[in-house]
Amino acid sequence: MRICRFDDERLGLVKGDEVLDVTAALEAIPQQRWPLAPGDPLIANLERVLERVRALESGAPRRKLAGVKLKSPVANPTKIVNAPINYQAHIDEAKADPKLGGGRKLNHITDWGLFLKATSALIGPGEPIRLRMPDRRNDHEVELAVVIGRECRRATLENALDFVAGYAIGLDMTIRGPEMPSWRKSVDTYAVCGPWLTTKDEVPDPNNLRLSLKVNGETRQDTNTSYLIYDIRRLIEFASEYYTLYPGDVYYTGTPEGVGPVKPGDRLSGRSVDALGELQIDVRG
């Protein structure tokens, strides 16, 4: 299934060029009291919600996809995990352009580990990217975003994908400079996720997905996740060696070569021809 969050916190089922309003399926989420359990309640209860979605589908009101405001399919992640330098071609281009690496040594993802972005940076394609520090370089980075489906500690390569709820397209926007990535990449609106959550049953092999990004119709990035240095299984294993992953945590898996600056007025279009759809978003000052 392809599940979206749209307009005034509505839940949608995406079918072709339409959105079926299945907001009533949210009633399947159990009531919670403080202190709330960590994680996104929708993702933590995704199976029971989807069961209700199936029951509602035939009679659900329909809207044109082009006429709704798409938000991030995840509302409440506990963390946004990011994998740096996870494509060799991106490492090579960063070595050739010192501005990309911020003066840091670029060898292997193991040398850098992972970094976290503030959850307040998260938006969907229905909201614009609002550039900060316009006197500095602001770059696009298209990535496969993995949404964690259940609590995960010390995953193994064999069971790592069991902890996945689904996948989306991510844009890891960044301000270039010498500061730590968690600082430069946590600006409000600098973590784009969408256009919807594609459940994992529709993605047989996340390590073989084509991803591309266009800026104003010009292709800037075009790759396949088969070129990841740490594939999806290894990334989940790697993160869960250090901290617990909770339902709804969003994992940006690394960007390929072709990163570049954007400016106000640009339109970005991230696409996966395989299953994830197309994410279109505007850049503003």
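In this predicted model, the charged end of Arg 150 sits over the ring of Phe 163, at 4.2 Å from the ring centre.

A pair of aromatic rings is described by the distance of the centres and the angle of the planes. The count of aromatic pairs comes to two, and both are listed below.

| Aromatic pair | Centre to centre | Angle between planes | Type |
|---|---|---|---|
| Tyr 230 and Phe 238 | 5.3 Å | 90 degrees | edge-to-face |
| Phe 238 and Tyr 242 | 6.2 Å | 85 degrees | edge-to-face |

These ring pairs link Tyr 230, Phe 238 and Tyr 242 into a cluster. Tyr 230 is buried, at 11% relative accessible area, and Phe 238 is buried as well, at 8%. Tyr 242, by contrast, is exposed, with a relative accessibility of 65%.

The next topic is the nonpolar interior. In soluble globular proteins, nonpolar side chains tend to be buried together. Here the largest nonpolar core holds 46 residues, and Ile 129, Leu 171, Ile 236 and Leu 268 have the most contacts inside it. Two or more residues come from each of strand 11 (142-148), strand 12 (164-172), strand 15 (210-215), helix 7 (232-240) and strand 20 (277-284). Helix 7 gives the largest share, five residues. Beyond its sequence neighbours within four places, Leu 268 is in contact with residues including Ile 129, Leu 171, Leu 213, Val 262 and Leu 279. Another core, of 29 residues, lies apart from this one; Val 22, Leu 46, Ala 168 and Cys 193 are among its members.

In helix 2 (residues 46-56), the buried residues are Leu 46, Val 49, Leu 50, Val 53 and Leu 56. They lie on the same side of the helix because they cover an arc of only 115 degrees around the axis. An α-helix has 3.6 residues a turn, so residues three or four places apart point the same way. On the other side of helix 2, Glu 47, Glu 51 and Ala 55 are exposed. The buried residues of helix 2 pack against strand 1 (2-6), strand 2 (10-15), helix 1 (41-44), strand 12 and strand 14 (191-199).

In helix 3 (residues 88-96), His 90, Ile 91, Glu 93 and Ala 94 are buried. Their arc, seen down the axis of helix 3, is 165 degrees, so these residues line one face of the helix. The buried residues of helix 3 pack against helix 4 (98-101).

Conventions: Residues are numbered from 1 along each chain as its sequence is written. This is a predicted model: local features need pLDDT of at least 70, side-chain atom pairs count only at pLDDT 80 or more; totals for chains, interfaces and linings use all residues. Side-chain values use heavy atoms; hydrogens and water are left out. A nonpolar core is a set of buried Ala, Val, Leu, Ile, Met, Phe, Trp, Tyr and Cys residues joined through side-chain atoms within 4.5 Å. Buried means under 20% relative accessible area, exposed over 50%, partly exposed in between (1.4 Å probe, protein chains only). Helices (H or I, at least four residues) and strands (E, at least two) are DSSP runs, numbered from the N terminus. Contact means heavy atoms within 4.5 Å. The arc is that of the directions from the helix axis to the C-beta atoms. Rings of Phe, Tyr and Trp (its six-membered ring) pair if their centres lie within 6.5 Å; planes under 30 degrees apart count as stacked, over 60 as edge-to-face and the rest as tilted. A charge sits over a ring if NZ of Lys or CZ of Arg is within 6 Å of the ring centre and within 35 degrees of the ring normal.
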